[in-house]
Amino acid sequence: MRLSAIITHLDWYIFRQLILGLLAVTTGLTMLIWLVQSLRFVDLVVNHGLSLWVFLKLTGLLVPSFVAVILPITTFVIVQFTYQRLAGDRELTVMRAMGLSPAALSRPVLAMVVMVVAAGYALNLSVVPASLAAFGEFQWEIRNQMAAFMLQDGVFTPLSDDVTVYVRSRDPDGTLRGVMIDDARNKSAHATILAERGQLVEAADGLHVLLFDGSRQEVEAQTGRLNILTFHENLVDLSGPSHNQTERVMGMSEVPLDVLLHPPSTLSRIDQARWIAEAHKRVTAPVAAVTYALMSLLSVLTGAFQRHASILRPLISVGGVVVLLALSLALQTLTARDNATAPLLWAETIVPPLVFAVLLFGPQVLAAWRQPIPRDAPAPAQ
């Protein structure tokens with residue numbers, strides 16, 4: 001069994017199939033997950049007047065996080081599918097007959113895995129935190145200025161549990177015509193405000209509406225008396241309960257790795273443990289691609305050689321991936337509760353790929369080590 005040349009046409013042939021398949025499957029699954037997750041924001045477009053561009057920009061910021069999660073799994077799927085197809089088409093049989101060892105047949109996968117792991121670290125350590133931070137900031141701005149999107153002509157729009165706004169029409173310049181506001185935030189004085197026209201005004205503490213030529217009607221809760229106040233100009237706050245919050249608090253999924261390892265002292269001890277566990281998760285997660293790829297190769301290239309593809313070993317490898325995923329999630333949860341169990345998470349990350357590598361490449365290395373060194377041939381007789 002030989003290792004063959006450094007790079008061969010067969011290597012490029014298999015590597016090309018792996019890369020194209022990985023790109024296709026990852027893109028397809030990412031778009032599927034994006035479609036499912038974006039349904040949460042469809043209501044903003046359909047009922048609240050949010051533009052399609054804002055919707056695409058908001059949901060598009062979640063795509064890197066989807067890719068980071070599914071990339072190790074799609075790596076396993078593509079390796080398994082590609083080599084099972086090679087076995088089914090007898091191409092793997094021909095390659096074995098040529099003397100290619102499991103190490104030689106694994107080289108395209110190992111080259112792809114190096115790229116996948118590098119992409120995983122780039123996503124987990126840089127791209128995903130930045131995109132989630134931008135998503136959180138964008139979503140926070142929309143929520144604090146939701147009235148600008150939610151107000152529709154001829155519709156009673158509840159901005160919160162205590163504020164409902166009706167607008168008869170809206171001019172092209174943004175002027176509101178026929179405005180009615182039902183304000184129940186002050187329980188002791190339920191107010192109804194009517195105005196001929198109004199204009200939305202953005203302020204540092206939230207969104208307001210400047211009303212002109214109207215009246216304010218309040219009913220006193222104790223006496224039931226109706227008070228009416230007419231005005232020429234009146235500024236009404238339309239912000240939600242959190243309008244006094246001028247800065248958004250970033251979550252642990254949005255901050256860099258060094259901040260996760262040294263969480264702010266203002267956090268509780270439970271939250272600090274969760275932040276540190278998130279840091280361990282970011283560093284260990286990309287290595288799963290190596291584990292899954294080696295497990296897939298182990299199911300295809302080892303064991304009794306068969307001319308036809310076997311279904312049993314792929315099923316066992318799928319079950320192994322499920323077990324490792326469940327174990328990883330359990331250890332991540334355990335680490336979030338107690339950071340002292342972080343070594344278990346690292347052991348689950350490092351030990352399986354080492355074991356699979358020994359099982360896959362160990363027999364060949366051992367055979368090469370045991371092979372006797374050929375002695376120099378005797379000189380020919382004169």
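A residue is exposed when its relative accessible area is over 50%, and buried when that area is under 20%. Values in between count as partly exposed. The model used here is predicted.

**Exercise 1.** Classify Phe-156 and Tyr-166 by their accessibility.

*Solution.* Start with Phe-156. Its relative accessible area is 52%. The cut-off for exposed is over 50%, so Phe-156 is exposed. Now take Tyr-166. Its relative accessibility is 22%, so Tyr-166 is partly exposed.

**Exercise 2.** How many aromatic pairs does a search of the whole structure find? Describe the one formed by Trp-12 and Phe-15.

*Solution.* The search finds two aromatic pairs. In one of them, the centres of Trp-12 and Phe-15 are 6.1 Å apart, with 85° between the planes. Planes over 60 degrees apart count as edge-to-face. The Trp-12 and Phe-15 pair is therefore edge-to-face.

Trp-12 and Phe-15 lie three residues apart in helix H1 (residues 9-38), so about one helical turn separates them. Finish with accessibility. Trp-12 is partly exposed at 49%, whereas Phe-15 is buried at 17%.

**Exercise 3.** What type of pair do the rings of Phe-156 and Tyr-166 form?

*Solution.* Their centres are 4.7 Å apart and their planes stand at 35°, so the pair is tilted. Phe-156 belongs to strand S1 (residues 156-158) and Tyr-166 to strand S2 (residues 163-170). The two residues are 10 residues apart, and their pair links distant parts of the chain.

**Exercise 4.** Over which rings do the charged ends of Lys-57 and Arg-197 sit?

*Solution.* Take Lys-57: its charged end sits over the ring of Phe-138, 5.0 Å from the ring centre. For Arg-197, the ring is that of Phe-212, with the charged end 4.4 Å from the centre.

Definitions and conventions. Residues numbered from 1 in each chain as written. Predicted model: local features only at pLDDT ≥ 70, side-chain atom pairs only at ≥ 80, totals over all residues. Heavy atoms only, no water. Phe/Tyr/Trp six-rings, centres within 6.5 Å; stacked < 30°, edge-to-face > 60°. Helix = DSSP H or I, 4+ residues; strand = E, 2+ residues; numbered from the N terminus. Buried < 20%, exposed > 50% of the residue type's maximum accessible area, 1.4 Å probe, protein only. Lys NZ or Arg CZ within 6 Å of the ring centre and 35° of its normal.
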